[in-house]
Amino acid sequence: GIKDGDAVVVSTPEGSLRFRARLTEMTLPGVINIYHDNVKADINHLIPKDYMDPISGFPGYKSSICKVERVETDE
């Protein structure tokens, strides 16, 4: 039920941030993309500081579980 331009909250067990949804055919359903160096929202607050990928051992900056909810306002 999220449409392009809707205000949304992206939440993880670590915290939540508000964004405007921008829908594109380049991102698969069920996947979100938040670019690094977003001046309005530091996405590093959404991942645990000690999270390491279980296969590579690299910090988990590329993926994490999250919940996306549409909100009535982005205030």
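**Core.** I began with the largest nonpolar core, which has 8 residues: Val 8, Val 10, Leu 17, Phe 19, Ala 21, Ala 41, Ile 43 and Leu 46. Here a nonpolar core is a set of buried Ala, Val, Leu, Ile, Met, Phe, Trp, Tyr and Cys residues joined through side-chain atoms within 4.5 Å. I took buried as under 20% relative accessible area, exposed as over 50% and partly exposed as in between, with a 1.4 Å probe and protein chains only. I noted that β1 (7-12) and β2 (15-20) each supply at least two residues of this core. Strands are DSSP runs of E, at least two residues long, and helices are runs of H or I, at least four long, numbered from the N terminus.

**Ground rules.** This is a predicted model, so I kept local features to pLDDT of at least 70 and side-chain atom pairs to pLDDT 80 or more, while totals for chains, interfaces and linings use all residues. Residues are numbered from 1 along each chain as its sequence is written, and side-chain values use heavy atoms, with hydrogens and water left out.

**Leu 46.** Which residues does Leu 46 touch, not counting those up to four places away in sequence? I found Val 10, Thr 12, Glu 14, Gly 15, Ser 16 and Leu 17. Contact means heavy atoms within 4.5 Å.

**Sheet.** I counted 0 helices and 3 strands, and along the sequence the pattern reads β-β-β. The 3 strands form an open antiparallel sheet in the order β2-β1-β3. Its edge strands, β2 and β3 (67-70), each pair on one side only. Two strands pair if DSSP finds at least two bridges between them; for β1 and β2 I found 6 bridges, in the antiparallel sense. One of the residues I looked up was Thr 12, whose bridge partner in β2 is Gly 15.

The largest pocket holds about 1,300 Å³ of space. A pocket is an open set of points on a 1 Å grid over the protein atoms alone, where a 1.4 Å probe fits, with protein on both sides within 12 Å along at least five of seven lines; lining residues have an atom within 4 Å of a point. Its volume is the space filled by probe spheres set on the points, which are joined across faces, edges and corners. I listed 35 lining residues, with Val 10, Phe 19, Ile 32, Asn 33 and Ile 34 nearest the centre. β1 and β2 are the elements that give two or more residues to this lining.

**Whole chain.** Buried residues make up 21% of the 75 in the chain. The C-alpha atoms fill a box of roughly 40 × 25 × 20 Å along the principal axes.
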